[in-house]
Amino acid sequence: MSTNNNKLTTNWGAPVGDNQNSMTAGSRGPTLIQDVHLLEKLAHFNRERVPERVVHAKGAGAHGYFEVTNDLSQYTKANFLSEVGKRTPMFIRFSTVAGELGSSDTVRDPRGFAVKFYTEEGNYDIVGNNTPVFFIRDAIKFPDFIHTQKRHPQTHLKNPNAVWDFWSLSPESLHQVTILMSDRGIPASLRTMNGYGSHTFKWVNEKGEGAWVKYHFKTEQGVQNLDANVAAQLAGENPDYHTEELFHAIESGNFPAWKLSVQIMPLEDANTYKWDPFDVTKVWSQKDYPLIELGRMVLDRNPENYFAEVEQATFSPGSFVPGIEASPDKMLQGRLFAYNDAHRYRVGANHQALPINRPVNEVNNNQRDGQMRFDKNGGSSSVYYEPNSLGGATESPADNVTPFEVSGEAGTHAYSHDDHYTQAGDLYRLMSEEERARIVATIAGAMAPVESDEIKLRQISHFYKADPEYGERIAKALNLQVPVQS
């Protein structure tokens, strides 16, 4: 039983008689340790911040729904995709990648695009970006890559030497670098950018038949980007510009929407396709695997409390539902562990029980206890193990992951496809002259502070291999000679 009399209380529910003056020994005496309200208030204040995310720290979020517009149940048995017109509540978090919690919204950076679907069979998360590819393709390189995007351990300043040294020694990054340095590197708003699952996933239908799939969220507002000078001005005048713009758009009833389409590849094509379909630095040609409409996502409700909903929201590409499974994508495989582990560290072992993360269906397992266990913790049930014969939770073999074939010797294996230049070059050649001039100026400006000409020349050689003009123009802008190509 609770009452709503609007009286100020302590955390244990007792009324607060004086919230303006602490308890002291006389008017000028020391503060008393028996002022438990003061102590609790200060102690809680010291603990208001959970550790910020190492990546994707600065973000904005909104609630909405996803509606199926095309029946693709021949490819997946996922219940929330089972019929046209079916709606599923969802929550999305947009974010920058490299910046800290207080950084500017309008920096040149990929944007996180994380979607949580509250389905009848559990939560399904698509944890993607606003780009269809990524800088690296093996999770073992991720900590090193992110270190280059963070601050120098001595100066605590951003370090372009590290950024370009790493990229120049990791040519698989060239495709994403080209996207990042292009006009698409700074979206005009969170509503006017596309989103991508980026990784390849596996869909499985009721017959147990599988297919590989990629997700594409296309904004219905149209893709719009910011001029670099305008973005820099906004970073100084209104560093929360994207967060503010999204909130006010939804608050005013201007609900943003995205069309979700998929590319579908037969399982056997993975062995013969010209690109490794599990290499997240590559895209599948839409001429080979055209986009197929799946549904529509609409954002129609702002969070009531930023910390409870946006900051405590946790996403993992390992949050699957029956009909959707992982692929051999090495970057994805690493993220299946890393994301939930980050949440266990940052928010706690019971993060998935928080209201923003809790599934709409009942959670029924034997994972008990842990810090901040705020539900009934399984109650009085004496069946806290499985297998059991006493009426406790039991497994559902029909919902097990479909068998998949593996072969070869255990060891460290490099990708067999090492053409890092064709797709980046194709993207450059699609640009207009004005777009090419801007990307050359952006890259030259970003590389100018690099102290080592060796690093600059090594990176320029990658641009040259993608397209000779691409490399030559950047070299000229930096007053360097293109290295002789072998």
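This short talk goes through the aromatic ring contacts in the structure above.

The model is predicted, so local features need pLDDT of at least 70 and side-chain atom pairs count only at pLDDT 80 or more, while totals for chains, interfaces and linings use all residues. Residues are numbered from 1 along each chain as its sequence is written, and side-chain values use heavy atoms, with hydrogens and water left out.

I start with the rule. Rings of Phe, Tyr and Trp (for Trp, the six-membered ring) pair if their centres lie within 6.5 Å; planes under 30 degrees apart are stacked, over 60 edge-to-face, and the rest tilted. By this rule there are 26 aromatic pairs.

One of them joins Phe113 and Trp258, edge-to-face, at 5.9 Å centre to centre with 80° between the planes. Phe113 belongs to strand 3 (residues 111-119) and Trp258 to strand 8 (residues 257-266), so this pair ties together parts 145 residues apart in sequence. Strands here are DSSP runs of E, at least two residues, numbered from the N terminus.

Next, a stacked pair: Phe117 and Tyr124, 6.1 Å centre to centre and 20° between the planes. Phe117 is buried at 1% relative accessible area, and Tyr124 is buried at 1% as well.

Which residues do ring pairs link into a cluster? They are Phe66, Phe80, Phe117, Tyr124, Phe201, Trp203, Tyr215 and Phe320.

Last, charges over rings (NZ of Lys or CZ of Arg within 6 Å of the ring centre and within 35 degrees of the ring normal). Arg87 lies over the face of Tyr65, 3.9 Å from the ring centre. The charged end of Lys330 is over the ring of Tyr415, at 5.1 Å from its centre.

Note on methods: Helices (H or I, at least four residues) and strands (E, at least two) are DSSP runs, numbered from the N terminus. Buried means under 20% relative accessible area, exposed over 50%, partly exposed in between (1.4 Å probe, protein chains only).
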